[in-house]
Amino acid sequence: MKKNLKNALYTTAVIGVASTFIFAASHGTNESQAEQKDPAEHHVSLPLTANFAGESTPLHLIDVKERFDREMIINANLHSSTTLVIKRAERYFPIIEPILKKNNIPDDFKYLCVIESTLSNVVSSAGATGFWQFMKGTAGEYNLTVDESVDERYHLEKATEAACKYFNDAKNRFGSWTMVAAAYNRGMAGMTKAMNAQYVDNYYDLFLNQETSRYVFRILAMKEIMTHPERYGYNIPKADKYPPIPMRSITVSNDIEDLPMFAQEQGSNYKILKLYNPWLVNTSLKTKGKIYTIELPR
């Protein structure tokens, strides 16, 4: 019995020592792996130069550099949101870009659309709506119909045309595309008031409210990240991006009392009708003498 007890104690001691060794070895491996992680894994290096619509960003000014740095760090690390806009851009930039070009608006303004809405038909807490985030009053000023059955702020092509008109109006007023972008956030009157109060006419020299102060830098950050996505860890294969969808157009000049039935008659359904025509905000369409084009996938 004593011999058996002695053997049992010996076995327990060996197992205990072995367990301690195994735990220590395992723990040591974890520490080693942690030490091998790059502490700068999420570090974002600023590009040496930046510009908006060909207008140079004065990165030699310390506050300008740090404001740009802030937006680069934030947006490069907003992985879900930034991944989505890179995927969506494959579908929506081919619609936006030719409209900007036709209206002599610099291509960089497509990134303004990105930061306004992440290329989606969102509605802000203030009621700004659609890809370009038009308020209802401003929509009326730029010939976008907003009534009980139609809200053209949700119509990407028409809203982009309206945004271009705003950009050209602001360019005639300020002479600078950078100021035009800032005015889209604060309004032309607000930017004029700030300029007159501070005796400067350059966005980068103005002391502004936080949202407008960050606004152009957010555009610059998304331009940089979306132009060079792999540089910032967004290695998204083209096959995983959202492709353009071939559409067929149906011209409508008469009222449609039952849009779900209309969709069925077109070989589709109401869900598809709404997905590709979000500007139809009711189950009926009152044309009021206007001609509308409804788009459905081919």
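Helix 6 (residues 156-174) has 19 residues, and at 1.5 Å a residue it should span 27 Å; its end C-alpha atoms lie 26 Å apart, so the two values agree. The expected span here is 1.5 Å times one less than the number of residues, and helices (H or I, at least four residues) and strands (E, at least two) are DSSP runs numbered from the N terminus. Before we go on, note that this is a predicted model, in which local features need pLDDT of at least 70 and side-chain atom pairs count only at pLDDT 80 or more, while totals for chains, interfaces and linings use all residues. Residues are numbered from 1 along each chain as its sequence is written, and side-chain values use heavy atoms, with hydrogens and water left out.

Let us stay with helix 6 for a moment. Its buried residues include Leu156, Cys164, Tyr166, Phe167 and Phe174, where buried means under 20% relative accessible area, exposed over 50% and partly exposed in between (1.4 Å probe, protein chains only). Among the elements that cover these buried residues are helix 3, helix 4 (109-117), helix 7 (177-186) and helix 8 (188-198). After helix 6 comes glycine 175, with a positive phi near 80°.

Stepping back, the chain has eleven helices and four strands. Of its 298 residues, 42% count as buried. Contact means heavy atoms within 4.5 Å; among contacts between residues at least 6 apart in sequence, 61% join residues at least 24 apart.

The side chain of threonine 82 reaches the backbone oxygen of asparagine 75 at 2.7 Å. Beyond its neighbours within four places in sequence, threonine 82 is in contact with Asn75, Met222, Ile225 and Tyr234.

From there we can look across to isoleucine 236, in the loop between helix 9 and strand 3 (247-252). Isoleucine 236 counts as buried because its relative accessibility is 15%. In sequence, isoleucine 236 and threonine 83 are 153 residues apart, yet their C-alpha atoms are 8.0 Å apart in space. Setting aside neighbours within four places in sequence, isoleucine 236 is in contact with Thr83, Ile86, Lys87 and Lys241.

Now for the open spaces. On a 1 Å grid over the protein atoms alone, a pocket is an open set of points where a 1.4 Å probe fits, with protein on both sides within 12 Å along at least five of seven lines, and lining residues have an atom within 4 Å of a point. Grid points are joined across faces, edges and corners, and a volume is the space filled by probe spheres set on the points.

The largest pocket has a volume of about 480 Å³. Of the 18 residues lining the largest pocket, Tyr92, Ile95, Met247, Leu275 and Tyr276 are the closest to its centre. Helix 3, helix 6 and helix 11 (270-276) each give two or more residues to that lining, and helix 3 gives the most, with three. By class, the lining has twelve nonpolar, three polar and three charged residues; Ala, Val, Leu, Ile, Met, Phe, Trp, Tyr, Cys and Pro count as nonpolar, Asp, Glu, Lys and Arg as charged, and the others, Gly among them, as polar.

The second largest pocket holds about 380 Å³ of space. Of the 18 residues that line the second largest pocket, the closest to its centre are Glu116, Gln133, Met135, Tyr184 and Asn185. Helix 7 gives the most to this lining, with four residues.

Key:
Polar contact = N/O pair within 3.5 Å; in protein donor to acceptor, adjacent residues only side chain to side chain.
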